[in-house]
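Come along and check each entry as we go.

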Amino acid sequence: EEVLSEVETLAAKGYKEVVLTGIHLSSYGVDFPKEERESLLSLIQAVSRVEGISRIRLGSLEPRIITEEFLEGIVKTGKVCPHFHLSLQSGCTATLKRMNRRYTAQEYREKCEILRKYYPAPALTTDVITGFPGETEEEFEESRSFVDSIHFYETHIFPYSKREGTKAAVMPDQLPEQIKKERSRVLIALGQEHQREYMEQFLGKKKEVLFEEQQKIQGQTYWTGHTME
């Protein structure tokens, strides 16, 4: 009710797009009393029925929420933007296990395939950490190759940073900063290549844009905004 009240207020002011975001967004509703149990899908469906809202964009999702049922539900609304941020962290299953991630690289790939089954050209974005304790050259190459094969629209790269009090901070085989930075550089370059590749597929095509502001570029005035991707 609180979310819908906020969305209705925004819609009344003329807003057309809302973003559903928050920590552990995929787990929305699980802490509600059983008789009031909701899910992220039921929330999206309720928001989609608010008059005046034409777009719903989602914040960061956990891979586990991407199922056939979830995709069928959001596609039916006709309002969910095909822009999905699924945090990866590493494309190497052995590294993911050390990170205590509850999915494998292959399971993550399957989630991306489901998204592309329901949306022809979704903008897939992710986060990747390089130089996690114990990451060998072979594991890094496995991760790089995996990222290359998915063709993300945007890849946010972070060199591993030790944080006191975490299990990772006391793990053996901590990597030198130089190696972490070099591996980050490799993945950043790869990400830029894929971003350009993704954007180029729209050249010459007409897309619906939700205009947001005016900008002056080289003396010319332009309206700028976003497509649904």
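My entries follow, beginning with the ground rules.

**Ground rules**

I am working with a predicted model, where local features need pLDDT of at least 70, side-chain atom pairs count only at pLDDT 80 or more, and totals for chains, interfaces and linings use all residues. Residues are numbered from 1 along each chain as its sequence is written, and side-chain values use heavy atoms, with hydrogens and water left out.

**Helix α2**

I looked up how well this helix is covered. Helices and strands here are DSSP runs (H or I, at least four residues, for helices; E, at least two, for strands), numbered from the N terminus. I call a residue buried under 20% relative accessible area, exposed over 50%, and partly exposed in between, using a 1.4 Å probe and protein chains only. In α2, residues 40-48, eight of the nine residues are buried. Among them I noted L40, L41, I44 and V47. What do the buried residues of α2 pack against? I found α1, β1 (17-20), β2 (55-58), β3 (60-61) and α3 (68-77).

I found T126 in strand β5, which covers residues 123-130. Is T126 buried or exposed? T126 counts as buried, because its relative accessibility is 0%. I then listed its contacts, where contact means heavy atoms within 4.5 Å. Leaving aside neighbours within four places in sequence, T126 touches several residues, including H85, L88, Y108, F152 and H156. With Y108 there is also a side-chain to side-chain polar contact of 3.3 Å. For that term I wrote down the rule: a pair of N or O atoms within 3.5 Å; within protein, one must be able to donate a hydrogen and the other to accept it, and residues adjacent in sequence count only if both atoms are side-chain atoms.

**Aromatic rings**

I looked up ring pairs next. Rings of Phe, Tyr and Trp (its six-membered ring) pair if their centres lie within 6.5 Å; planes under 30 degrees apart count as stacked, over 60 as edge-to-face and the rest as tilted. The count by this rule is eight aromatic pairs. One of them is F132 with Y160: the ring centres are 5.4 Å apart and the planes stand at 75°, so this pair is edge-to-face. F132 sits in the loop between β5 and α6, and Y160 in the loop between β6 and α7 (177-200), so the pair ties together parts 28 residues apart in sequence. Both F132 and Y160 are buried. I also noted that Y103, Y108, F146 and F152 form one aromatic cluster.

**R109**

I found R109 in helix α5, residues 105-118. R109 is partly exposed, at 23% relative accessible area. Leaving aside neighbours within four places in sequence, R109 is in contact with F146, S149 and I150.

**Salt bridges**

I reminded myself that side chains of opposite charge can pair when their charged atoms come close. The cut-off used is a side-chain nitrogen of Lys or Arg within 4 Å of a carboxyl oxygen of Asp or Glu. How many salt bridges does a search of the whole structure find? The search finds 11.

- E68 and K117 meet at 3.2 Å, N to O. This pair links helix α3 to helix α5, across 49 residues. E68 is partly exposed at 32%, and K117 is exposed at 56%.
- E135 and R183 meet at 2.9 Å, N to O. E135 is in the loop between β5 and α6 and R183 in helix α7, 48 residues apart. Both E135 and R183 are buried.
- E177 and K180 have their closest N and O atoms 2.8 Å apart. Because they are three residues apart in helix α7, about one helical turn separates E177 and K180. E177 is partly exposed at 48%, while K180 is buried at 4%.

**Positive phi angles**

I looked for positive phi in residues other than glycine. Q89 has a phi near 80° and lies in the loop between β4 (83-86) and α4 (93-98). Q89 is buried, because its relative accessibility is 9%. H151 has a phi near 60° and lies in the loop between α6 (137-150) and β6 (154-159). H151 counts as partly exposed, at 33%.
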